[in-house]
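Me: I have a new structure open and I'd like to learn how to read its features one at a time. Can you walk me through it?

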Amino acid sequence: MNLLTRGLLCAIHMRFDDRLQIEDKAYIEEFGEPDFERETQKFNRRLRAIEKLRKSDDQLERERLRD
């Protein structure tokens, strides 16, 4: 990779990073600091519910195949 290509990639990366920081600041100004602990708990509850549904679906499928 030549020097010009590396420079362009670096500039694009820096611009993208700046854009993400601006979006993060705008989000925090509008909604406040994210509560990661609460979001993690919500995600884990949803994941457990999905796992339960998948298990019950698998059980129903096994029963259907048995019949």
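Me: Let's start with Tyr27: how exposed does it count as, and why?

Reply: Tyr27 counts as partly exposed because its relative accessibility is 44%. The scale goes like this: buried means under 20% relative accessible area, exposed means over 50%, and partly exposed is in between, using a 1.4 Å probe and protein chains only. One thing to keep in mind is that this is a predicted model, where local features need pLDDT of at least 70, side-chain atom pairs count only at pLDDT 80 or more, and totals for chains, interfaces and linings use all residues. Residues are numbered from 1 along each chain as its sequence is written, and side-chain values use heavy atoms, with hydrogens and water left out.

Me: Got it. How do I read a pair of aromatic rings, and how many aromatic pairs are there here?

Reply: The general idea is that two numbers describe such a pair, the distance of the centres and the angle of the planes. Rings of Phe, Tyr and Trp (its six-membered ring) pair if their centres lie within 6.5 Å; planes under 30 degrees apart count as stacked, over 60 as edge-to-face and the rest as tilted. By this rule there is 1 aromatic pair. Tyr27 and Phe31 form it, and it is tilted, with 4.9 Å centre to centre and 45° between the planes.

Me: Where do Tyr27 and Phe31 lie?

Reply: Both lie in helix H1 (residues 3–31), 4 residues apart, about one turn of the helix. Helices here are DSSP runs (H or I, at least four residues), as are strands (E, at least two), and they are numbered from the N terminus. As for Phe31, it counts as exposed because its relative accessibility is 55%.

Me: Which residues make the nonpolar surface patch?

Reply: Tyr27, Ile28 and Phe31 make it, and it covers about 310 Å². Patches are made of residues with over 30% relative accessible area and no salt bridge; like charges are joined within 9 Å, and nonpolar side chains (Val, Leu, Ile, Met, Phe, Trp, Tyr) within 5 Å. The areas come from the Shrake-Rupley method with a 1.4 Å probe, and for residues only the protein chains shown count as cover.

Me: And which residues form the positive patch?

Reply: That one is formed by Arg45, Arg46, Arg48 and Lys52. Lys and Arg count as positive and Asp and Glu as negative, while His and the chain ends are not counted. The place of a charge is taken as NZ of Lys, CZ of Arg, CG of Asp or CD of Glu. Take Arg46 as an example: it lies in helix H2 (residues 36–66), and it counts as exposed because its relative accessibility is 55%.

Me: Now salt bridges. How many are there?

Reply: In general, side chains of opposite charge can pair when their charged atoms come close. The rule asks for a side-chain nitrogen of Lys or Arg within 4 Å of a carboxyl oxygen of Asp or Glu. The count comes to 4 salt bridges. One of them joins Glu23 and Arg19, with the closest N and O atoms 3.2 Å apart. Glu23 and Arg19 are separated by about one helical turn, because they are 4 residues apart in helix H1. Glu23 is partly exposed at 41% relative accessibility, and Arg19 is partly exposed at 48%.
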